[in-house]
Amino acid sequence: MSDLAQVSPRAFRWARRRASAAGFWRSLRRDKLALTSLVVLVLFVVLAVVAPWVSNRADFNVINTGDNPVWAKPSGQYLLGTDNYGRSVALQVLWGARVSLFVGVAATVLTIVLGTLVGISAGFFGGWIDAVLMRITDWFLVIPFLPFAIVLASVLGRSLWNIVFVIGITSWPSTARLVRSQVLSLRERLYVDRARALGGGRAHIIGRHILPNVTPLVLASTTLAVPISILTETTLAFLGLGDPTDVSWGGILDQARTAAAVTTNRWWYYLPPGVAIIMVVLAFTIFGRALEAILDPRLRDR
Amino acid sequence: MSVLELQDLHVTYRSEGGPVPAVRGVSLSLERGDTVGLAGESGCGKSTIAAAVLRLLPKGTEVSGKVLLDGEDVYAMKPGRLRAVRWTSAAIVFQGALHSLNPVRRVGNQIEEAILLHTAVSPRAARTRTGELLVKVGLPADRAQRYPHQLSGGQRQRVLIALALACDPKVLIADEPTTALDVMVQAQVLALLEELQREQGLSLLFITHDLSVLTTTCERLAVMYAGRIVEQGPGREVFAQPHHPYTRALAAAFPTIGDPASRMNPAGLAGDPPDPSALPSGCPFHVRCAVATAECSSLDVGLRVAAPGRSAACVHVEAAHV
């Protein structure tokens, strides 16, 4: 203890954080698949973030592409060719990443926060709180997703935030159920009794004992929710429910279909957004799995 | 004044099959620096008493009688006062060391938790104190950084003892602290508890089914059967000269080392402990009692004075010691 007493508490805390970050990185480096996924994710995020600096959004507005060649094959000038309006596919995919990633993450945050909140309250407090919350959850769970999403999108209007809202409002119930079932078992554990015997209140027990124990579950749920949200956004955009002024991967696919790119074998129009979707979704899933294994001390190899 | 006093405590659990009276009128007092042992078979209400002291029983459980901690009725306390009293007045060493520690938090943090909940100290002071506590229970201070699964059973039990001492409680309730430990570790843990008790003047309520543990550690002993105390008195005397047939059977169940007779004729007690939701009439022990008389099936005997400082709940007591 003597050597600890000489450092300030802040320095000690930071030393501990640094040590745990280093341990995290060590575990991650051993998992090649997870590392690859991380690289892919970082790549897409960086591309999405720097898009406004390296390119101009107006470059692929139809009014500005009248002079471009139509259906140009991939070349040095047009990295992924052009579409039926002469718009660069590469630029569209690049800008589409912004929308897809944003919707994926925003909708997931909404889903997870709502689901965890409802799940923990229902599981921990039980009784009539549980009954009421679970009936609401059931109600949302049985609503057929696509018709509901179409109705909501048409009622609320076609905008990015509405897509986020639609995905969030329809996908939180499964998280809530998952978290609740875990909390039901956690609250009966002896260490929760111990925490009560220590004089800990409800907030303390939830914050210190329940939440850390559901975190791996929530995290796994999160990493599965991100790709699902991205796919859902793609679906809605493909069905023409996305913001028409925005370009997203699903929207590109929709336009490729309308322009008959598949039947005329213009692969450079439909393949890049499809591959991008698959890569991001797969990377999120694999990285999420690895993250779960690293963050749960019980799954960590000893 | 007693640090802990139970006055005619009744605890009735509610279950789907109707009420289950687990504790039926237990009175017990614990003086400063005292060690009282509570012995009995599984299901006789020992652990229920431990939980009742800090009001940790499940919601809906009926409790009557009084639990006085330092003269203050635990069941009359407001929630805030109750939380303040928990752990500072009385702390529990739980049974099942693995399950009483949160698997995803470092053991040091879990000891600090108790300190930070009750005292306004800096996290750093709490960490220092945690180190001291671990050293006190015979563990290196750096074990605070470990997760529960990285410690052995004995080490975990020591962590729980350190945790129980975190807020300098007056009363320590040890609920089967040595169950599931091997004999050597068991001896170490017992020696540690005794030493800590002597050093800090703790009052210890020792709950176990292991009688050998009780006779060596406890000045006073209470034997429970079917939710009641059936015999109490000084630790060694109770087992050397039992007055209640149940205690006699328990004492006889222990082989005497070096005595071939006890080894060749293991004495046990036939039958099972009674189902608390369907107790036999009269004296609950009469169905298994070797010396039961006709009136035992209808007459429920309370504790009777058997000798100075001794009492037992049996019809034979009066006859033998008037």
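User: What span should the 13 residues of helix α5 (residues 153–165) of chain B have, and how far apart are its end C-alpha atoms?

Analyst: This is a predicted model. At 1.5 Å a residue, α5(B) should span 18 Å, and its end C-alpha atoms are 19 Å apart, which agrees.

User: How many of the 13 residues of α5(B) are buried?

Analyst: The general idea begins with the turn: an α-helix has 3.6 residues a turn, so residues three or four places apart point the same way. In the present case, eleven of the 13 residues are buried, and the helix is thus described as mostly covered. The buried residues include Q155(B), R156(B), V159(B), L160(B) and L165(B).

User: What covers the buried residues of α5(B)?

Analyst: Among the covering elements of chain B are the strands β6 (90–93) and β7 (171–175). The helices α3 (107–118), α4 (123–136) and α6 (183–200) of that chain also take part.

User: Is W87(B) buried or exposed?

Analyst: W87(B) is buried, because 26 other C-beta atoms lie within 10 Å, and the cut-off for burial is 20 or more. W87(B) lies in the loop between α2 (79–85) and β6 of chain B. Its phi is near 80°, a positive value in a residue other than glycine.

Definitions and conventions
Residues numbered from 1 in each chain as written. Chains lettered and ligands numbered in written order. Predicted model: local features only at pLDDT ≥ 70, side-chain atom pairs only at ≥ 80, totals over all residues. Helix = DSSP H or I, 4+ residues; strand = E, 2+ residues; numbered from the N terminus. Expected span 1.5 Å × (residues − 1). Buried ≥ 20, exposed ≤ 12 C-beta atoms within 10 Å, placed from the backbone. Contact = placed C-beta atoms within 7 Å.
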